[in-house]
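New page in the notebook.

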Amino acid sequence: MTTKHTVGPWKLDGRNVLGLAFDGSFRCIAPVSGGTPESADANAKLIAAAPDLLQACQLIVQDLKDQIWAIGGCDHSVNICACGYIANLKTVEQAIEKATL
């Protein structure tokens, strides 16, 4: 899968989120400021974790699809239900879409 964003890993330098540049060095891709110092620190940590969170979501999507396939979808007449997996799959796919479009 090709990406438009700076590929991971990302790391922090204070409140600057650093991304890996083509030359192998880390460059600032997102300076984080605003709010209280505590909220700025928390925002910086969350932003720096974004590539890892995206990858985790992509793995979860495949696991949920595998579970839905293994269950065989939903047939409530015989008490087979994958509704929870299907709802979670939709939620994770929407989060990925929000992050990548």
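This is a predicted model: local features need pLDDT of at least 70, side-chain atom pairs count only at pLDDT 80 or more; totals for chains, interfaces and linings use all residues.

I started with the surface: the accessible surface of the protein chain comes to about 7300 Å², and 58% of that belongs to carbon and sulfur atoms. Those areas come from the Shrake-Rupley method with a 1.4 Å probe, and for residues only the protein chains shown count as cover.

Residues are numbered from 1 along each chain as its sequence is written, and side-chain values use heavy atoms, with hydrogens and water left out.

Next I looked up the fold. I found three helices and three strands (DSSP runs, H or I of at least four residues for helices, E of at least two for strands). From the N terminus on, the order is β-β-β-α-α-α. The radius of gyration, taken over C-alpha atoms, is 18 Å, well over the 13 Å that the globule rule (2.2 Å times the number of residues to the power 0.38) gives for 101 residues, so the chain is more spread out than a compact globule. I also noted that the C-alpha trace spans about 55 × 35 × 20 Å along its principal axes.

How many disulfides does the structure hold? I got zero, with a disulfide meaning a pair of cysteine sulfur atoms within 2.5 Å. For C81, the closest cysteine sulfur is in C83, 3.5 Å away and too far for a bond. For C83, the closest one is in C74, at 3.4 Å, again too far for a bond.
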